[in-house]
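Here is a short report for a reader new to this structure. Please look over the sequence and the model before reading on.

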Amino acid sequence: MPVVSAYEQSPAIGNGNYTIEPVHNTGINPISIQSVYASITQGSTNWHPNTVSSYITSMNVDLNWGNSANSLRLKIYSPDGYIFGPYYDSFDGASNGRINLNIINSNGLAQGTWRYEVYGELVTGTQYYSI
């Protein structure tokens, strides 16, 4: 399985014609999954599926927990075998309890089930979030 890794110091990366870019503003984003609300604790992992069933060239993934004192980690698994991440809070240059990024592929994103892995890296108590 190909691995595509981007750390906080790498604002945009690419592999398999994919590019991952942080979203720096609150303007209009590419297609995004309908928000799911969940909670997580220290050391726990939650999985969230997103099905891409038609041709699109970009998709927004927005993990938002709003509490920068807690640290969540995001990895993204594509249906065509790529792993993107891990991503942390300051991927977009701001420590604000949010990882907001766009996945772009000018040839089209892989159709099928994308999987988002949310991990409670450093969490005090229970942290609620949306993705």
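Where is the place of Asn46? Asn46 sits in strand β6. Note that this is a predicted model.

Asn46 has a relative accessibility of 19%. The cut-off for buried is under 20%. Asn46 therefore counts as buried. Its side chain takes part in polar contacts. One runs to the backbone oxygen of Ser39, at 2.9 Å. Another joins the side chain of Asn46 to the side chain of Tyr129, with a distance of 2.9 Å. Neighbours within four places in sequence are set aside for the contact list.

**Salt bridges**

Side chains of opposite charge can pair when their charged atoms come close. How many salt bridges does the count come to? The count is 2 salt bridges. The table shows them.

| Salt bridge | N to O distance |
|---|---|
| Arg98 and Asp62 | 2.5 Å |
| Arg73 and Glu117 | 2.9 Å |

Take Arg98 and Asp62, which form a salt bridge. Arg98 belongs to strand β10 and Asp62 to strand β7, so the pair ties together parts that are 36 residues apart in sequence. Asp62 is buried, because its relative accessible area is 18%.

Now take Arg73 and Glu117, whose side chains meet in a salt bridge. Arg73 lies in strand β8, while Glu117 lies in strand β11, so this pair ties together parts that are 44 residues apart in sequence.

**Aromatic rings**

A pair of aromatic rings is described by the distance of the centres and the angle of the planes. How many aromatic pairs does a search of the whole structure find? The search finds 7 aromatic pairs. One of them is Trp47 with Tyr77: the ring centres are 5.3 Å apart and the planes stand at 45°, so the pair is tilted. Trp47 is in strand β6 (residues 45–52) and Tyr77 is in strand β8, so the pair ties together parts that are 30 residues apart in sequence. Trp47 counts as partly exposed, at 47% relative accessibility. Tyr77 counts as buried, at 18%.

Which residues form one aromatic cluster? They are Tyr18, Tyr82, Phe84 and Trp114.

Asn70 lies in the loop between β7 (58–64) and β8 (71–77). Asn70 counts as buried, because its relative accessibility is 6%. A polar atom of the Asn70 side chain lies 3.0 Å from the backbone nitrogen of Thr124. What else does Asn70 contact, leaving aside neighbours within four places in sequence? The list holds Trp65, Leu122, Val123, Thr124 and Gln127.

Gly108 is placed in another stretch, the loop between β10 (98–104) and β11 (112–122). Gly108 counts as buried, at 12% relative accessibility. Gly108 and Thr57 are 51 residues apart along the chain. Their C-alpha atoms are separated by 4.3 Å.

Asn17 is in the loop between β2 (13–15) and β3 (18–22). Is Asn17 buried or exposed? Asn17 is exposed, because its relative accessible area is 52% and the cut-off for exposed is over 50%. The backbone here has a feature to note. Phi of Asn17 is near 70°, a positive value in a residue other than glycine.

**A cis peptide bond**

Which residues does a cis peptide bond join? The bond joins Gly85 and Pro86, with omega about 15°. Pro86 is found in strand β9 (residues 83–87).

Terms used
Residues numbered from 1 in each chain as written. Predicted model: local features only at pLDDT ≥ 70, side-chain atom pairs only at ≥ 80, totals over all residues. Heavy atoms only, no water. Helix = DSSP H or I, 4+ residues; strand = E, 2+ residues; numbered from the N terminus. Buried < 20%, exposed > 50% of the residue type's maximum accessible area, 1.4 Å probe, protein only. Polar contact = N/O pair within 3.5 Å; in protein donor to acceptor, adjacent residues only side chain to side chain. Contact = heavy atoms within 4.5 Å. Salt bridge = Lys/Arg side-chain N within 4 Å of Asp/Glu carboxyl O. Phe/Tyr/Trp six-rings, centres within 6.5 Å; stacked < 30°, edge-to-face > 60°.
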